[in-house]
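This report describes selected local features of one protein structure. Please consult the sequence and the structure shown below while reading.

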Amino acid sequence: MIEYRIQPHSPEAHLYRVELLIPEPAPEGQLVSMAAWIPGSYMIRDFARNLVALTARSGDRIVPVTKLDKQTWRCDPVAGPLQIVYEVYAWDLSVRAAHLDTSHAYFNGTSVFLRVHGQEEMPCGVELMAPQGPEYAAWRVATTLPNDGASPFGFGRYCAGDYDELIDHPVEMGNFTWATFTAAGISHDVVITGRHRADTDRLCRDLASICEQHIALFGELPVQRYLFLVMALGEGYGGLEHRSSTSLICKRDDLPQPGETKVSTGYRRFLGLCSHEYFHLWNVKRIRPRVFMERGLEAEVHTRLLWAFEGITSYYDELALVRSGCIDAKSYLELLAQAITRLMRGSGRHKQSLSDASFDAWTRFYKQDENAPNAIVSYYTKGALVALALDLTIRQRTEAGKSLDDLMRALWRTHGKPGRGVEEDGVERLAAEVSGLDLTDFFERSLRATGDLPLGELLAAFGVELRMRPARNAADQGGAGESAGGAAVPVPVLGARFASSGREVLLTQVLDGGAAREAGLAAGDVVVAVDGIRARPDNLERLIAGIPSGESVDLYAFRRDELMRFRVQPTPAPSDTCDLRLLDDVAEDVLGRRNAWLNL
Ligand code: ZN
């Protein structure tokens, strides 16, 4: 058994100390390495760069170590057990890496545990040690690492069946809030770190109904327990899935407040995030692309399937909210309309196919620059809408006999449960098999072409009206308002997105086909005046909207430190904003279809 001992050694200096004991190192010299990326977040992060000092010993003897590349070390051959000691700098308050200060400690195994080459299948022992000092005496531990002697929520001995498992159970240590509920008879813990006043009873009730919804879809829950690790902050959002837990970051205001009964926009977003990561415990943690099972974490692993793993998951995360009764149908349609709006606002959707977006996630989606809306499409957003289109297509064409739910169950049965990886064309093949439909054309158009999806037509068959209209202002994200039918008059716009930088207007994105692009403005320009009036973050939209149609005006902006004049002719806001409306008067069969889809 390989032994790891880890301690938040120096919270003030953000350092973990790790001791690794390898009882039988490779006779020709043991190789060890740190992961370059963490599963679920498709970007090279080079965790080895946080490794501070590494030494090796065998008994009393110091063992020479040679660094072979950015993340791999070779220890000289030794006769007995090999001990490697190192420190890891941890100052990344995200769900993807490791963090440590005097208030709490959090780590992912990928950030702290070296992989012992050739011994990845060996079971691992993990000793979690408390930081030293009376101020840490009340710290507890939250993790789904299997317990091997530690008391519940205590420091001490844990274990993992192999390296893969070792790095798939994040660990939180500190003074946290703990709440618990059961779903399908399995205990689910919610641990919240950070200052907050959340109504955890309500949170547990809502989470239980969402979890039950997902469990009912797949027919079983393949874990012994589940843990939601939540970090509550003033600002922040993110989540990462693991086999029996998830790490989440949210705004503390998004958590339900005592006395509140309505589902706020923030709380809906948080429930959606929990729902998303929970769905992943089947879809991507167990139903996995075959390439992920064959390749390691030292370099990029490309797959064209992220649309299915992130897109289908994004579809079900919100769908489960309405199906479980946490939100109503109108609230769900608002979320759907906002997703359609996000997709329609990027011309990149006509340049990058969903399949390519999946493949290039590493260098495009995860490394977005100011040109992203003009160049790429999100495999989350478009992936979710393709999942919707696929679900509605199957439901309609099989006369409600089959649905995407059947495809997910088939993926679970044939891939997830037996641990068989999904081939690059596996989802498409299984979808055709399960539905009995020829979906060749559907997938060709949805995944490998760049045209728009026929969502209006599909939704109409389910008693939902889709209307595209111009945005009323920059804050307008589309929705499910009463005014869904009414046409808004398009206001003149600049065709750019901006942020306030103090009292100045900073252009962040210049969109293809817009007035700003036409005039030669660029991302990074600071707009100072429009038509002789000083521009500010709170009046720029108004200044542009007030320019009569067809008229050009002078716009002054700083590019770096040079003042430049641009001749701008604002154009009418494009119809890129979606409204969805539940139709009242629909035929019996349409109503039946809609109720089955949304579980109404
Ligand atoms: Zn995801």
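## Strands and an exposed patch

Helices (H or I, at least four residues) and strands (E, at least two) are runs assigned by DSSP and numbered from the N terminus. The model discussed here is predicted. Val52 lies in strand S4, which covers residues 51-58. Together with Tyr89 and Trp91, Val52 forms a nonpolar patch on the surface, and the three residues have about 310 Å² of accessible area together. Val52 counts as partly exposed because its relative accessibility is 49%, and the term partly exposed covers values between the 20% limit for buried and the 50% limit for exposed.

## An open sheet

Another feature is an open sheet of 4 strands, in the order S6-S7-S3-S11, with antiparallel pairing. Its edge strands are S6 (65-67) and S11 (115-116), each of which pairs on one side only. Strand S3, made of residues 30-33, pairs with S11 in the antiparallel sense over 2 bridges. Ser33 stands opposite Arg115 in S11.

## The zinc site

Which residues coordinate the zinc ion? The donors are His276 through NE2, His280 through NE2 and Glu310 through OE, at 2.0 to 2.1 Å. Along the chain, the donors of the zinc ion follow the spacing H-x3-H-x29-E. The site links distant parts of the chain: His276 belongs to helix H4 (residues 265-279) and Glu310 to helix H6 (residues 306-323), 34 residues apart. Both His276 and Glu310 are buried.

## A buried arginine

Arg345 is located in the loop between helix H7 (329-344) and helix H8 (354-359). Is this residue, Arg345, buried or exposed? Arg345 is buried, because its relative accessible area is 17%, and buried means under 20%. The side chain of Arg345 reaches the backbone oxygen of Asp476 at a distance of 2.7 Å.

Strand S27 comprises residues 553-559 and includes Tyr556. Tyr556 is classed as partly exposed because its relative accessible area is 31%.

S27 has antiparallel neighbours. Strand S25 (residues 526-530) is joined to S27 by 4 bridges, and Val526 stands opposite Phe558 in S27. The C-alpha atoms of Tyr556 and Val527 are separated by 6.0 Å, although these residues are 29 residues apart along the chain. Strand S28 (residues 562-568) is joined to S27 by 7 bridges, and Phe566 in S28 is the bridge partner of Leu555. S27 and S28 form a hairpin with 2 residues between them, and Arg560 in the turn has a positive phi of about 55°.

## Positive phi angles

Most residues other than glycine have a negative phi. Ala184 is not a glycine, yet it has a positive phi of about 50°. Ala184 is placed in the loop between strand S16 (177-183) and strand S17 (186-193). With a relative accessibility of 42%, Ala184 counts as partly exposed.

Asn599 also has a positive phi, near 55°, in a residue other than glycine. Asn599 is found in the segment after helix H17 (588-598). Asn599 counts as partly exposed, at 44% relative accessibility.

How values were computed: Residues numbered from 1 in each chain as written. Predicted model: local features only at pLDDT ≥ 70, side-chain atom pairs only at ≥ 80, totals over all residues. Heavy atoms only, no water. Pairing = 2+ DSSP bridges. Patch = residues over 30% accessible without salt bridge, like charges linked within 9 Å, V, L, I, M, F, W, Y side chains within 5 Å. Areas by Shrake-Rupley, 256 points an atom, 1.4 Å probe, with all protein chains shown as cover. Salt bridge = Lys/Arg side-chain N within 4 Å of Asp/Glu carboxyl O. Buried < 20%, exposed > 50% of the residue type's maximum accessible area, 1.4 Å probe, protein only. Donors = N, O, S within 2.8 Å, 3.2 Å for Na, K, Ca; no water. Polar contact = N/O pair within 3.5 Å; in protein donor to acceptor, adjacent residues only side chain to side chain.
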